[in-house]
Amino acid sequence: MRAGDRKSACYDTGVNFSRERILLLGLLALWLVFEWPNLEEQVGTTEQARAALGEMPWQARTAALDTPGYAVAEAIGRVVPASGCVLVLAHTGPEHARYYQSRFSYYLYPRQVRLSDHSNAEQKGCTFLAVFRDTAPNLAQEPFRGRWEEAEIAARTAGMKKVAAAPQVEIFQ
Amino acid sequence: MTLLAALLTGLLGGLVIGPWVAGGGLVSLWALGFAAGAGLLSLQLLAYSLAGVPWNLWLILLPWAALGAWRLRRRPAMARPEWPSWTEWIALAAGLAAPLLWFGYERVMPLNTRDWDAWAIWLFKAKAFYLDGGVKGFLARAGEFQAQPSYPLLVPLYGAFLFIVAGGAADPAAKALSPCFFFALLGAFYYLARRLGSREVAAVFTAMLAGLHMVDIVAFELAGYADTTLSLYLLLGAGFVYAWWKTQQWTDLALASGFSALAGWTKNEGLFFLAAVGALVVIRLARERTRDWRPWAAVAAPPLMAVVPWVVLRAHYRVPASDLLDAGHWNWGNLVPGVMATIRQAFRPAVYNLTFWLLAASPGAARQGAVGASWWILPGLVLWQMAGLVGAYLTGRNDLQWWIGTSLDRILAQVAPLALLASAVAVAAWTARWPQPAPAARQGRRDRKAKASKGK
């Protein structure tokens with residue numbers, strides 16, 4: 001006979017303390033002692049998140065947490081068609097560049113998105129060029145380590161048409 | 001809409017495995033059905049994509065409707081609902097606290113505030129597959145993205161299914177994927193712990209799992225990662241292998257093989273698990289010189305259906321395999337730091353509570369409970385997965401400290417439910433051998449009490 005069968009055969013819903021119940025409830029109580037600090041911390045985190053974001057629609061919450069990635073991707077997505085390709089020249093730190101590359105790929109799929117922190121990066125057939133300058137707090141967190149010449153950017157965009165501009169980004173075609 | 005999709009998934013999966021699931025209640029049947037349904041739907045979407053069938057919801061549901069009509073003739077045998085004991089009510093209340101708290105947080109947060117792989121790898125592919133209406137477009141462009149294109153596709157394809165049901169690439173729907181798998185994990189754990197152990201032990205240990213901090217973090221804070229999904233399939237694969245070892249029913253073996261194959265279709269760690277389960281089963285069948293073809297078919301068919309197509313497809317699109325095996329050399333200097341880091345982290349009560357402490361103590365309980373040598377399958381598979389993690393560290397592919405920091409907790413969280421199941425089975429067997437007051441004696445006490453109160 002399996003343990004489960006034996007248990008259900010003499011199942012009792014009354015309040016009695018068998019040795020098994022004492023062991024199980026003791027174990028659960030001990031478990032809760034260790035769990036409690038995490039639960040307490042999570043109550044605070046959930047309340048903070050609700051206070052900061054709870055009233056906003058989903059997109060506004062995304063924009064608030066992904067600054068300035070979401071707004072920049074929105075600006076690019078408005079002008080670059082789904083079949084288009086955009087080269088993003090990004091004045092940002094290397095780890096941030098990896099982050100933006102993955103975020104822009106997510107937001108802008110199926111568009112082709114290439115991101116480089118070199119102002120002389122080759123266009124490679126992309127018809128759109130976005131010049132993205134990260135925010136000061138992000139750059140303070142991780143300094144720029146690429147190659148960036150404002151004169152070079154001015155020269156390569158001189159013959160292009162500016163199709164959109166938003167905080168932190170200008171988009172040329 | 002996601003709730004509807006989750007219920008539908010459980011129903012569809014239940015149509016397939018319902019008759020094979022012995023004595024589960026409605027929640028357990030949903031949980032096991034959800035696990036099977038998510039895997040089968042992902043494989044269905046893959047097959048449709050390769051065959052050029054459009055991903056239309058009605059076309060997806062058509063074969064399921066036919067299966068449902070056929071199944072109507074045979075309803076799954078569900079356990080008769082029993083009123084919970086007061087111990088179970090306490091366990092339920094304790095178990096609900098953490099998931100309800102975390103679920104509220106997950107619904108408010110649109111993004112993970114740390115570790116963005118959920119979006120860069122898993123949910124990105126889900127969105128790409130959904131927008132392309134198949135897998136071919138993304139795979140042809142796989143080299144463009146930092147999206148680990150060689151990783152298996154269960155989670156992205158199930159995410160695409162959620163988008164199909166939602167009618168758009170809605171981020172909240174995709175992000176709810178992990179909580180859905182988490183609740184299925186709790187239901188599946190309860191089913192296995194009850195079937196292999198006892199009812200009250202199952203209730204208490206399920207409550208403990210529900211509040212296990214790192215498992216909660218992975219399911220809700222890191223929503224969109226594949227780790228919660230994988231932990232569900234590891235638990236079910238191991239649980240049903242152990243059940244098969246005890247019952248020798250080929251349906252248990254089929255479920256073990258099916259869920260282990262789905263682990264391999266979820267993450268590469270699942271392939272490592274599948275190899276161990278496959279080896280265990282084949283060795284036993286070979287030693288018993290089994291002539292019945294059904295166990296052999298049960299063990300071979302699921303990996304052929306769930307793993308092989310992806311291997312072929314990956315080769316066809318020249319998607320580079322994970323470079324884990326291509327590391328070319330072994331860095332044995334990582335062995336001791338890797339093992340020590342794993343042990344130190346596993347035994348931190350603030351993160352894994354008492355999970356691995358209980359696992360360490362459970363051989364004693366298992367011995368007292370005389371569960372037999374087959375019980376070692378459960379902790380053995382936990383150790384196997386941990387050994388795989390240390391083996392990965394030995395490749396020296398990444399800086400060890402960085403790698404430990406980004407992988408160790410998620411891998412331990414994958415096996416923590418299985419570790420708890422091993423402990424639950426041992427504790428149930430141990431306590432079952434304790435002397436119990438006979439029901440008649442208890443009834444007698446109640447009768448005496450009733451008489452006494454009448455007398456008053």
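## The interface between chains A and B

Buried area is the accessible area (1.4 Å probe) that two parts lose on being put together, summed over both. In this predicted model, chain B and chain A bury about 5900 Å² between them. Carbon and sulfur atoms carry 67% of that area. On the chain B side, Trp86(B), Val108(B) and Trp116(B) lose the most area to chain A, together 12% of what that side buries.

Contact here means heavy atoms within 4.5 Å. By that rule, 70 residues of chain B touch 54 residues of chain A. How many salt bridges (a side-chain nitrogen of Lys or Arg within 4 Å of a carboxyl oxygen of Asp or Glu) are there between chain B and chain A? The count is one. Arg21(A) pairs with Glu200(B), with the closest N and O atoms 2.7 Å apart.

## Conventions

Residues are numbered from 1 along each chain as its sequence is written, and chains are lettered from A and ligands numbered from 1 in the order in which they are written. Local features need pLDDT of at least 70, side-chain atom pairs count only at pLDDT 80 or more, and totals for chains, interfaces and linings use all residues, while side-chain values use heavy atoms, with hydrogens and water left out.

## Chain B as a whole

Chain B has 22 helices and zero strands. Both are DSSP runs, numbered from the N terminus: helices are H or I with at least four residues, strands E with at least two. Of its 456 residues, 58% are buried. Buried means under 20% relative accessible area, exposed over 50%, partly exposed in between (1.4 Å probe, protein chains only). The C-alpha trace spans about 85 × 60 × 55 Å along its principal axes.

## Salt bridges within the chains

Over all chains, the structure holds 17 salt bridges. In chain A, Asp66(A) meets Arg103(A) at 3.2 Å, N to O. The two lie 37 residues apart: Asp66(A) in the loop between α3 (58-65) and α4 (69-79), Arg103(A) in helix α5 (residues 94-108). Asp66(A) is buried at 2% relative accessibility. Arg103(A) is buried too, at 2%. Chain A also has a salt-bridge network that links Arg133(A), Glu150(A), Lys162(A) and Glu170(A).

In chain B, Lys267(B) has a salt bridge with Asp227(B) at 3.1 Å and another with Glu269(B) at 3.3 Å. Lys267(B) is buried, with a relative accessible area of 7%. Glu269(B) is partly exposed, at 21%.
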